[in-house]
Amino acid sequence: MNISATLTATRRIALPCILPILLSGCNTIVLNPSGDIALQQGRLLVVSTLLMLLIIVPVIALIVFFAWKYRQSNTAARYEPEWDHSTALELVIWGAPLLIIIVLGLLTWIGTHTLDPYRKLDRIDANRAMPADAKYLRVEVVALDWKWLFIYPDLNIATVNELAAPVDTPIQFSITASTVMNSFFIPALAGQIYAMPSMQTTLHAVINKAGVYEGFSANYSGAGFSDMKFKFHGMNQADFDKWVATVKADKALNSAGYLELEKPSIRVPVEHYGSVDANLYHGILNRCVGANGMCMDQMMMTDAHKNTQVYASKNPASAALRLADVNNEICTTTPSLLKVNNDARAN
């Protein structure tokens, strides 16, 4: 008996049976998420893949077909060495991919605007529109080395490596980093958003099912990158209120505490802070936590006004318009945050 042939036959029979079992352990959260934004993104991915398969599958099938039909041993196949052109074939070869590209472009254009992370949500899920008076849960996200700091400015609490939100409540994330570039990613909630020092990105999302979901950094950032993970808890409102009460019972987070927390560390356990310095996030964003010097937004505003004064001395007629343009260009922080910071310094 040929042992090699037996093993080959066994593999051919066993592989189709074992493969579904092996794949059943794969986490398909990207295609089966619990947040409406991630769900729409997943559907866009599936539709785009199916559209591309309309070209890929026939091409692969035709490669196999032609290789078999025009094999050397098939003397019955038509032999036309002088053939070089077919208008009908050219139309199919170029027309079909062109139509697919047009449809993909249209879907991409619509999805880019509909799923813009800076755009406020217009629905809770596919069956419920977002109420006009809906209040967003604001969360300020800071990527540290190598952990995540979450500040809830409206609740005056903060956490490390733990995030929670009520089900069906819209969330507004303001995202930055303390040192190097990172990427904030909760696959069940929405797509990844970059976190960059001295810059702020934004994400609007909603979680529709209660549960505990994985969150992590999707951008390499150094030695502790692989352990830069956290849990995202989707809760009903009652459980979320209890969680907030638990967090409020813990210690406070001020500038000195943040500077200690900011130091590089790996596998940091969950920490809770029952109160937070009102200007902490502004200081992190503008790189002036615990510093006696000027924050970046104020520094740029001062430099911009000096440049405007020089410009005004040469062009008095357009000085006012130039000043308005300069003010709009100062974008490291929002006007509301700037006002809070200035009011606090004035007091």
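Helices here are DSSP runs of H or I that hold at least four residues, and strands are DSSP runs of E that hold at least two. The close-up views below come from a predicted model.

**View 1. The transmembrane regions taken from the record.** An unreviewed UniProt entry lists residues 13-32, 44-68 and 88-110 under "transmembrane region".

**View 2. The cis peptide bond between D145 and W146.** Most peptide bonds are trans. The bond that leads from D145 to W146, however, is cis, and its omega angle is near -10 degrees. W146 is placed in the loop that connects β3 (137-144) with β4 (147-152).

**View 3. The backbone at N156.** Most residues other than glycine have a negative phi. N156, although it is not a glycine, has a positive phi of about 60 degrees, and this residue lies in the loop between β4 and β5 (157-160). Because its relative accessibility is 33%, which falls between the limits of 20% and 50%, N156 counts as partly exposed.

**View 4. The backbone at R287.** R287 is not a glycine either, yet its phi is positive, at about 55 degrees. The loop that holds R287 runs between α6 (280-285) and α7 (296-314). Is R287 buried, partly exposed or exposed? With a relative accessibility of 46%, R287 counts as partly exposed, because the exposed class begins over 50%.

Technical notes
Residues numbered from 1 in each chain as written. Predicted model: local features only at pLDDT ≥ 70, side-chain atom pairs only at ≥ 80, totals over all residues. Heavy atoms only, no water. UniProt positions renumbered as here; feature names shortened; annotations may be inferred. Buried < 20%, exposed > 50% of the residue type's maximum accessible area, 1.4 Å probe, protein only.
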